[in-house]
Amino acid sequence: MLQDIRAFFDARDVLEVETPLMASHGASDPNMANLKVRVETGDRYLQTSPEYAMKRLLAAGSGDIYQMTRAFRSDEAGSRHNPEFSILEWYRVGMDHHALMREVEALFQQILADRLHGPADECSYQLIFQKHLDIDPLSSSTTELEAKADTLGLMPAGGLDRDGILDLLMSFAIVPKLPKGRLTFIHAWPRSQASLARLLSDQPGCAARFEVYYGDLELANGFWELSDVKEQALRFATDNEKRELMGLPPVAGDPDLLEALQSGLPDCAGVAVGLDRLLMALQGAEQISEVINFPWDRS
Amino acid sequence: MASYSTNEFRGGLKIMLDGDPYNIIENEFVKPGKGQAFNRVKIRNLKTGRVIDKTFKSNETVEAADVVDTSMQYLYTDGEFWYFMDPDSFEQVSAGETAVADAVKWLKEQDTCLVTLWDGVPLSVTPSNFVELRVTNTDPGVRGDTATGATKPAQVESGAEVKVPLFVEEGDVLKIDTRTGEYVSRVKE
């Protein structure tokens, strides 16, 4: 599988790169738990993805790049999660998220081949909610969304904020119904879940983010990348406000990423693929532990 | 008060929910790459036996239920309560009708049972998988008939009725599987 992936990018003149696993800054995303490593000069963060560093390369003029590396996310262990996992991340200069979705599809078709039964489906975030739950995720009030989750017996004790409810509905009421043996691309996510995607000027309230699923297995997440330094600084601040509300420690926005955006990030789209998940799809595995030699509880 | 974080959830863990003790049957960690993490669990209410699905936000803590399974000796019943004794501490507990439930028909004095205690009070009683009980009432035996597979009802000393082969007689001691309620064999004395 790794050889096939390298051949795919060689054929497209995308350069393989390496970036540090231990960096001076971590991800600010409140739903991402960074693992810290204590070194003599202070704390270092094991990277939850190579995104920040790869964007610095892009800003420095690297052109199209890809990387296969390890990523670390604390507290994520289960039948589809291992706190230490393999990630494929790539960036294409000049592409938007739609063009990149086509490239992701081409790669997955090549890798998964016989495992795919039928063409990929593509649907917006709004439409998939309307189709499966008969509710508009963008215009409905938080109370309406909560009532829907409650009817389905999904609401946890202690309540959830709006994005938490959307994640709940997506994870338990939509994703399990995605067609088996096929790829589904869900795009145009709500702006509150933009992460590092730019906002879509032609679809108010939506961001240029997409997710890819094989059946109900999440394989990849991509963006038409945010390049506006002011907006990026604002997102770091918003992430930390949410962290404070959730009682989580603050994670300072990475100044090197801001500097890179300041100096100019070329128009580009990028995507991260969970390689262990891709291998699960390829081998028809139900548990991530089936595709990792020494999974978390035995490592 | 002891408590568990959702990342300690696993099958067999006993937790409190809305004032009732529950046993975790299955636990599934569910998290979108970018988004809220959840634990979806299948749990059994230890008082009613009902199984439900429940969602927790990951990293929430849940109160632990003080539920332990203890091997205890059955002593006697006064008709209202059934009394059990811890063979090590000689401490006695009394179980009501709901706790004893279906186990009642297999209880013989001196036999060892598994008593599930919640805060020290019996929540349920499970008899041994196999018990040996004497037949107190059945139609006369038919000697020699060991091959036809025909059965007749027999009442045993604990009160249960068991289907037995035709050759079984009153006074015989039988080995019975309490999980299925089926006759296994005659026990030589």
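## Strand pairing in chain B

Two strands pair if DSSP finds at least two bridges between them, and strands here are DSSP runs of E with at least two residues, numbered from the N terminus. In this predicted model, local features need pLDDT of at least 70 and side-chain atom pairs count only at pLDDT 80 or more, while totals for chains, interfaces and linings use all residues. Residues are numbered from 1 along each chain as its sequence is written, and chains are lettered from A in the order in which they are written.

β2(B) and strand β3 (residues 20-30) of chain B run antiparallel and are joined by 4 bridges; Leu17(B) has Asp20(B) of β3(B) as its bridge partner. These strands belong to an open sheet of 4 strands, ordered β2-β3-β4-β5 in chain B with antiparallel pairing. Because β2 (14-17) and β5 (51-57) of chain B each have a single partner strand, they stand at the edges, and one side of each is left without a neighbour in the sheet.

## Nonpolar cores

A nonpolar core is a set of buried Ala, Val, Leu, Ile, Met, Phe, Trp, Tyr and Cys residues joined through C-beta atoms within 7 Å, where buried requires 20 or more other C-beta atoms within 10 Å of a residue's own, the C-beta atoms being placed from the backbone. The largest such core has 84 residues, and Leu169(A) and Val212(A) are among those with the most contacts inside it. Strand β9 (residues 206-214) of chain A gives the most to this core, with 7 residues. A second, separate core of 24 residues includes Tyr74(B) and Val115(B).

Conventions. Buried ≥ 20, exposed ≤ 12 C-beta atoms within 10 Å, placed from the backbone.
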